[in-house]
Structures are given as C-alpha cells and as structure tokens.
Amino acid sequence: MKTITINTLIELKRGGEKFPVITAYDSTFARLAELAGIEVVLVGDSLGNVVLGYSSTVPVTMADMLHHTAAVCRGGTKSLVVADLPFMAYATPEQTMANAALLLQAGAHMVKLEGGEWLAATVAMLVERGIPVCGHLGLTPQSVNKFGGYRIQGRGASEAEQILQDAHRLERAGAGLLVLECVPQQLAARISSELAIPVIGIGAGPDTDAQVLVLHDLLGISARIPKFARNFLADSGDILGALRSYAQAVRERSFPAAEHSFH
Ligand code: KIV
C-alpha cells in the first residue's frame with residue numbers, strides 16, 4: 001500500500017470510491033490493518049471499552065491515548081493514523097492545542113474530537129496551526145451521560161437539521177474528515193453528498209464515503225456487539241482474512257447492509 005494522506009482520501013471521495021477505516025490500539029493490529037489495505041487507522045478512545053474494561057469512554061486519559069497512539073505508530077504504518085482527543089482534553093483552547101500537539105508528536109497524523117458548532121473555533125485554531133482535524137457528530141460517546149444512554153441521534157427533524165448544520169460548520173472551520181455515528185441513513189446520505197470532505201459512517205447506513213468499525217466488534221469479541229456491526233472473523237477464520245474481507249465488503253458496498261442501518 002502506498003502512504004495514505006488526507007489528499008488520497010479526498011481523491012477517493014471525488015472518484016466515488018468508498019474506503020474502510022478500522023480502530024487499532026497497538027502495533028500488531030496497525031500492521032495487520034495496513035496489510036489488509038485499510039486506508040485509515042483510528043486510535044479510538046473506544047480503547048476504554050474494549051481494551052481497558054471501562055463501561056464508557058469517559059475515564060480514558062491523555063496518558064492512555066498517547067501510550068496507544070505511540071504503539072500504533074511505532075511500526076511506521078502507511079495507513080493514515082487518526083487519534084482521539086479523550087473526554088475533557090479539549091475543554092479549553094490552550095488545553096486542546098497542547099494535547100493535540102502531543103498526539104501528533106506521538107505519531108498521529110490527525111486528531112478527532114466530538115461535537116458541533118461549539119468546536120468550530122477550536123477546529124479552525126488547530127488547522128491554522130498545522131494540526132488536521134476529524135470531527136465526530138451524531139452519537140458522541142463522550143456525552144453518554146448527557147444523552148442518558150447510547151441512543152440513535154438525529155431522528156427528529158430539528159435534531160437532524162442541527163447535525164446537518166454542525167457538519168457544514170465543521171467543514172467550513174477546516175475539518176478534513178467527519179465521523180457520523182448512529183444516525184438515520186437518510187441523514188448520513190444527505191450530509192455525505194453535501195460535504196466535500198469524506199464522511200465516515202458507523203451505524204450510519206450504506207451511503208457515507210467511508211465506513212469505520214471498532215476492531216473488537218469486527219472480530220466478534222466485544223462484550224456487547226452493536227446491531228450495526230458484523231462479525232467478519234466468523235466467515236474468514238483468521239484475523240488478517242477478517243480485515244481483508246471487511247475492507248472488500250466496504251469497497252464493494254455490501255457492508256453495511258439494511259440490517260446494519262437505522263431509518
Ligand atoms: O473511539 C472510537 O472507536 C470511535 C469510533 C466508534 C468512531 O470514535
């Protein structure tokens with residue numbers, strides 16, 4: 001695989017080619033993701049759930065994220081590496097800048113943060129200073145206590161309109177990628193077609209520009225597998241085969257299917 005940059009991903013979107021994204025938390029899985037030809041590796045704060053045993057991403061710290069981001073990057077993967085800014089690591093501009101810089105110095109190529117309009121100035125500030133940003137809208141797990149649980153977002157008209165406006169606002173602020181999590185497929189399709197930047201779906205239906213899954217959900221080893229995930233290991237028999245078959249299913253648009261989507 002050639003080295004993937006944000007320009008590669010924009011070209012894929014322009015060419016109508018869908019690309020796979022997978023979470024990884026260590027160097028072995030980052031290497032396997034690259035061998036499977038997966039363009040983007042996300043060092044997600046989902047590591048709190050699937051690696052550290054927490055019941056949410058809220059307890060994940062910058063120290064956790066730096067440790068796992070450095071592990072993912074140590075092998076010099078050719079995939080683009082996006083690292084999550086964890087809960088409360090971007091509450092103020094100064095804190096955001098310092099923490100985002102640490103993630104890039106650990107080897108990440110881009111940072112991801114959760115939220116809409118209120119983050120627009122932060123996104124612009126980071127991008128102006130050379131730190132690429134991925135937005136994250138819809139079900140933003142760091143706000144689980146505000147939502148009162150892991151619920152589909154954007155089902156009502158005004159909530160959907162708010163997510164659409166937030167997506168445009170983040171793009172105007174300079175975000176290079178956007179994750180949309182657990183939103184109705186019609187809303188995800190609209191946002192993907194209106195935005196020039198690649199939109200990565202998870203529980204967002206088949207019409208986004210890219211798809212992400214949590215590694216442990218794809219392998220069928222998470223304690224609770226969400227409805228929108230598929231166990232690719234069951235069909236493939238080995239881990240590299242599972243990653244390859246996930247990548248192929250995303251590119252061919254056979255995953256996600258109707259049963260993995262919300263309406
Ligand atoms: O932390 C994570 O793994 C994520 C994905 C679910 C998009 O943010």
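Student: What makes D209 and K13 a salt bridge?

Tutor: The closest N and O atoms of D209 and K13 are 2.7 Å apart. A salt bridge is a side-chain nitrogen of Lys or Arg within 4 Å of a carboxyl oxygen of Asp or Glu, so the pair qualifies. D209 lies in the loop between β7 (199–202) and β8 (210–213) and K13 in helix α1 (residues 6–14), 196 residues apart. The model is predicted: local features need pLDDT of at least 70, side-chain atom pairs count only at pLDDT 80 or more, and totals for chains, interfaces and linings use all residues. Residues are numbered from 1 along each chain as its sequence is written, and side-chain values use heavy atoms, with hydrogens and water left out.

Student: Why is D209 called buried?

Tutor: Its relative accessibility is 13%, and buried means under 20% relative accessible area (exposed is over 50%, partly exposed in between; 1.4 Å probe, protein chains only). D209 therefore counts as buried. K13, at 15%, counts as buried too.

Student: E39 forms a salt bridge with R251; why is E39 called buried and R251 partly exposed?

Tutor: E39 has 9% relative accessibility, so E39 counts as buried. R251 has a relative accessible area of 35%, and is therefore partly exposed. Their closest N and O atoms are 3.1 Å apart.

Student: How do you know that D84 and K112 tie together separate parts of the sequence?

Tutor: D84 lies in strand β3 (residues 80–84) and K112 in strand β4, so the pair ties together parts that are 28 residues apart in sequence. Their closest N and O atoms are 2.7 Å apart, and both residues are buried.

Notes:
Helix = DSSP H or I, 4+ residues; strand = E, 2+ residues; numbered from the N terminus.
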